[in-house]
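Grab a pencil and work through these exercises with the structure open beside you. Try each task before you read its solution.

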Amino acid sequence: MIAGMAETDVAPENTPAGQPPGQSAGQFAGEKLPLDAIADHRRLLARLRDVMAGLGTGQQRLDKIVCLIATEMKAEVCSCYIMRSGDMLELFSTVGLNPSAVHKTRLRVGEGVVGDIAARARATAMANARTHPNFAYRPETGEDEFQSLAGVPILRGGRVRGVLVIQHKQPRQYAETEVETLQTIAMVVAELVAGGALVSRQELSNVGDAALLPSRLGGVSLNGGLAIGQAVLHRHQLTIRDMVADDPDAELDRLRTALAGMYGAIDELLATTADGSEHRDILETYRMFAEDRGWLSRIREAVKTGLTAEAAVIQVQNDTRARMNQIADSYIRERLLDLDDLTNRLLRHLAGKKSASEGVAMPDDMILVARTLGPAELLDYDRAKLRGLVLEEGSATSHVVIVARALNIPVVAQCTDALNRVDPLDQMIVDGDNAQVFVRPSEDIKYVVAESMRMMAMREKLFARVRGLPSVSHDGVPVSIQLNAGLLIDLPHLEDSGADGIGLYRTEIPFMIRSSYPDVATQTMLYAKVLEIAGDKAVVFRTLDVGGDKKLSYFAVHEEANPALGWRAIRIGLDRPAMLRKQLRALLRAAAGRPLSLMFPMVAEVAEFRAARELVDMEIARAAVDGYDGPVKVRVGVMVEVPALLLQLPLLLPMVDFVSVGSNDLAQYLFAYDRGNPQLANRYDPLSPPMLAALRLIVEQCEIFGVPLSICGEMAGRPLEAMALVGIGFRSLSMSPPSVGPVKTMLRSLDVARLREYMVSLARCSDHSLRDRLRAFARDHAIII
Ligand code: PEP
Ligand code: MG
């Protein structure tokens, strides 16, 4: 049972020797309340609701709440401290302490018992506060006569917004019900704070680290670029209007209905998830948690005390989050995170919403913050407004990241605790180039970012101007610029960017974002759509390049010691010919009546290419037998990615219709480095003598055999690298859409004849990299890189 598991893991309170032990929030939640206590609790809640609904400023309402608590709980003191910027807790309202201390007494987070409650985000009750190791005496408050104290954090969205305290003169034990009542009231006060009724929203968003809120989050960049906008939390906390319910039975009914809806939705997902897939495991665990009896009974008990179903769910969520902040064990934290996720799902069902984006205010410039989300969920949000993505998890191969790249938005992942550190509509900057995120950035950071975005916009304008101009060098050498694509949403860029065609269509991407293997009809429809959108521009389809870092959730691959050197791409295609043939069949059907270009990835030997080409011939013959119109022409190419092919070019080239260099993999295998290993990311440079020598060899051999040559690795899209490629003889470059403008601009300022001469002179150089020399050449010859 999760509740039990978590409770034993909550660290015991640090109580001074000889004193009654303190109590933690975890010890109270889920305890059954006696009937008379429930009645008291409900009466208090009803009065609270009247205060909240009544007239008056935020301060007046807070004063009334504090009075109400003192009267109803027969406390000699009730005080409310609110978090201000600079991690300061300010006494905002009190009954029993010196009124002149209001808005004067301030405690740092961690200072005194109140500061300690805020720092640890946990409820505390003690019979003698003065012996607490953190006790801090503030003479101006006149609190020296009060011995016992119970306090709870005011939490919202996992962040501490203040502290609510009651005190008594005599040493006394606090009942669990009393602390629970305080926790409920703290939730109401949290809404008052979050609404900006006590401290301006501006200041609220500047509350610092101790409110679990650093203003800069580091992470891992999964897509470059810079974006500024307002936060939308994928797992947002819905605004709850009613905290207090008149009819607990009706609330229990609502809870039952919402739970049934949630179970149904998870079951639906399960039904569409392949057996044995990772997804299924995750969902099954999720489903199990959703029925956790401890969790459910804690929510039900909270409803019985007079809370609405939503407020009860949030109360339990606050408690779970408080525990999460105390737990170092990553396994338990993960489980609690799942529970947190479930809570949000349940809240959505209570609000009658199915998807996270439904009914959420969408700012025009939106930065989406999520723990993790599926690619379809990302596309649920309005693409026209999406500026950046921040993930608590995520890796380069996450499906959502692939889609985000296609949308050309910066992505920073592995931002620990981002959801708890950002509030809805907070201003944010996502700096994908430097793997950092600024939350509520200061004016100077905003200025720097705005300047750099202005510069980028100027460059964009410059690039836009070259869009319609011919892709030809300054001295008249034409170079074809093509696009790399992999999703239908990439394709509109073909028209916008002015590229000549699609030089690489990565067919595995549509496979990766599906939950099961698409059949021939589905693939045919997809490829036909690609060709239809491309119009009369050519598209080069690469057959399935999975394995290694590209995993299909529904395709079991044994754990491999070296996945980059493992069973991948054409190796899978040749070992599972039925799968490859289905893809070829779909491609041939989709291209009926027009030319088809396809190429095979990761070919390591001539025999592999021959075998793959035979499958194409077999499918062409089959299409004729089955009565399908075939393409008017089929061109079959090869990707040069494995260095072994460099030694077989004279045998290979007569068999192929074209060559495309996959420089990402070619560099990986040439230098024997894992391209996904960040430790090696900058170790080898594609602008190095061995890599350029390999590329030069391919150019020479293709020229000899008259085979069209292109290059589609990342280097083709970087202006300096593209310059070098043109210098050694490449006349076709394929790149991601944002690279077209910069590369074309470079090309139009380049004198190819001069560069060729210079590059010949570099052929004997043995430096680690030729980057600096090439950069100097560009500078000296006014080449725009
Ligand atoms: C390459 O290896 O350069 C390439 C284009 O293929 P991918 O990056 O998809 O492996
Ligand atoms: Mg590759």
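**Exercise 1. How many residues of β6 are buried?**

Step 1: sort out the ground rules. We're looking at a predicted model, in which local features need pLDDT of at least 70, side-chain atom pairs count only at pLDDT 80 or more, and totals for chains, interfaces and linings use all residues. Residues are numbered from 1 along each chain as its sequence is written, chains are lettered from A and ligands numbered from 1 in the order in which they are written, and side-chain values use heavy atoms, with hydrogens and water left out.

Step 2: Helices (H or I, at least four residues) and strands (E, at least two) are DSSP runs, numbered from the N terminus. Buried means under 20% relative accessible area, computed with a 1.4 Å probe and protein chains only; exposed means over 50%, and partly exposed is in between.

Step 3: count. In β6 (159-168), 10 of the 10 residues are buried, and the strand is mostly covered. For the chain as a whole, 57% of the 785 residues count as buried.

**Exercise 2. Find the strands that pair with β6, and say in which sense they run.**

Step 1: know the test. Two strands pair if DSSP finds at least two bridges between them.

Step 2: take β1 (residues 77-84), which pairs with β6 in the antiparallel sense over six bridges. Here Val77 stands opposite Gln167.

Step 3: now β5 (residues 148-156). Nine bridges join β5 to β6, again antiparallel, and Leu155 sits opposite Val160.

**Exercise 3. Describe the second largest cavity and its lining.**

Step 1: define the search. On a 1 Å grid over the protein atoms alone, a cavity is a set of points where a 1.4 Å probe fits but cannot get out, and lining residues have an atom within 4 Å of a point. Grid points are joined across faces, edges and corners, and a volume is the space filled by probe spheres set on the points.

Step 2: The lining splits into nine nonpolar, three polar and two charged residues. Here Ala, Val, Leu, Ile, Met, Phe, Trp, Tyr, Cys and Pro count as nonpolar, Asp, Glu, Lys and Arg as charged, and the others, Gly among them, as polar.

**Exercise 4. Work out which strands stand at the edges of the open eight-stranded sheet.**

Step 1: write down the order, β7-β14-β13-β9-β10-β11-β12-β8, with mixed pairing.

Step 2: read off the ends. β7 (216-218) and β8 (220-223) each have a single partner strand, so one side of each has no neighbour in the sheet.

Step 3: Neighbouring strands are turned by 30° against each other on average, direction ignored. Axes are lines fitted to C-alpha atoms, for helices over the stretch in contact, and angles run from 0 to 180 degrees between N-to-C directions.

Step 4: zoom in on one pair. β9 (residues 226-233) and β10 (residues 366-370) are parallel, with four bridges, and Leu233 has Val369 as its bridge partner.

Notes: 1 Å grid on protein atoms, 1.4 Å probe; cavity = no way out; pocket = protein on both sides within 12 Å on 5 of 7 lines; lining within 4 Å.
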